[in-house]
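Subject: A structure for you to look at

Hello,

Here is the structure I promised to hand over. Please open it alongside this email, and my notes follow below.

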Amino acid sequence: MKDDTKEIVSYVFVGGMTTLVNYVVYFILLKIHSHWLIANSISWIFAVLFAYYTNKRYVFKSTNNIKKELLRFMTLLIENICLYLLIDLLNLQPMISKVCVSFITILSNYILCKFKIFKEEGVCHG
């Protein structure tokens with residue numbers, strides 16, 4: 001399998017597992033009556049930690065400095081703003097809103113990971 005194809009397949013698998021972690025934590029927190037913003041923030045932290053480790057180790061095989069990579073791995077603000085728009089302004093259910101926002105964050109996370117976060121110093125994955 002070509003390296004690019006293998007990378008994409010690995011990313012999709014890890015992304016699916018990350019999404020599962022995110023949804024399970026979010027769902028559990030909603031069920032115990034946490035506010036959607038708190039539930040999303042906590043589930044995002046769990047998902048990002050899982051995604052960071054698995055993408056670094058298995059997908060992009062990065063050896064960059066962890067501080068540099070983690071600083072660029074911040075999409076929580078965008079996700080919370082999108083959820084605010086869907087839940088508080090458009091009155092959609094929190095779980096449905098989470099699914100809708102996931103499509104945006106999965107695509108943007110791949111682009112960020114591929115070209116910014118796990119990019120080798122001086123090398124462009126293109």
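**What I found**

H33 is placed in the loop between helix 1 and helix 2. This is a predicted model, in which local features need pLDDT of at least 70 and side-chain atom pairs count only at pLDDT 80 or more, while totals for chains, interfaces and linings use all residues. Residues are numbered from 1 along each chain as its sequence is written, and side-chain values use heavy atoms, with hydrogens and water left out.

Back to H33: phi of this residue is near 70°, a positive value in a residue other than glycine. H33 counts as exposed because its relative accessibility is 74%. For these labels, buried means under 20% relative accessible area, exposed means over 50%, and partly exposed lies in between (1.4 Å probe, protein chains only).

**The overall fold**

The chain has five helices and zero strands, giving the pattern α-α-α-α-α along the sequence. Helices (H or I, at least four residues) and strands (E, at least two) are DSSP runs, numbered from the N terminus. Of the 126 residues in the chain, 37% are buried.

**The surface patch**

Which residues form a nonpolar patch on the surface? They are F13, M17, L20, V24, F27, I28, I32 and F50, and together they have about 760 Å² of accessible area. Areas come from the Shrake-Rupley method with a 1.4 Å probe, and for residues only the protein chains shown count as cover. Patches are made of residues with over 30% relative accessible area and no salt bridge; like charges are joined within 9 Å, and nonpolar side chains (Val, Leu, Ile, Met, Phe, Trp, Tyr) within 5 Å.

Helix 1 (residues 3–31) gives the largest share of the nonpolar patch, six residues. I32 sits in the loop between helix 1 and helix 2 (36–59), and counts as exposed because its relative accessibility is 57%.

In helix 2 you will find I42, which counts as partly exposed because its relative accessibility is 32%. I42 and L29 are 13 residues apart in sequence and 8.6 Å apart in space, C-alpha to C-alpha.

**Helix 4 and its partner**

Helix 4 (residues 76–89) has 14 residues and reaches 19 Å from its first C-alpha to its last, close to the 20 Å expected. That expected span is 1.5 Å times one less than the number of residues. The buried residues of helix 4 are E79, N80, C82, L83, L86 and I87.

How many salt bridges are there? The count comes to one, where a salt bridge is a side-chain nitrogen of Lys or Arg within 4 Å of a carboxyl oxygen of Asp or Glu. The side chains of K98 and E79 meet in it (2.8 Å, N to O). K98 lies in helix 5 and E79 in helix 4, so the pair ties together parts that are 19 residues apart in sequence. Both K98 and E79 are buried.

K98 also lies over the face of Y26, at 4.9 Å from the ring centre; for this, NZ of Lys or CZ of Arg must be within 6 Å of the ring centre and within 35 degrees of the ring normal.

Finally, N91 follows helix 4, in the loop between helix 4 and helix 5 (94–117). N91 has a positive phi of about 60° although it is not a glycine, and it is exposed, with a relative accessible area of 63%.

Best wishes
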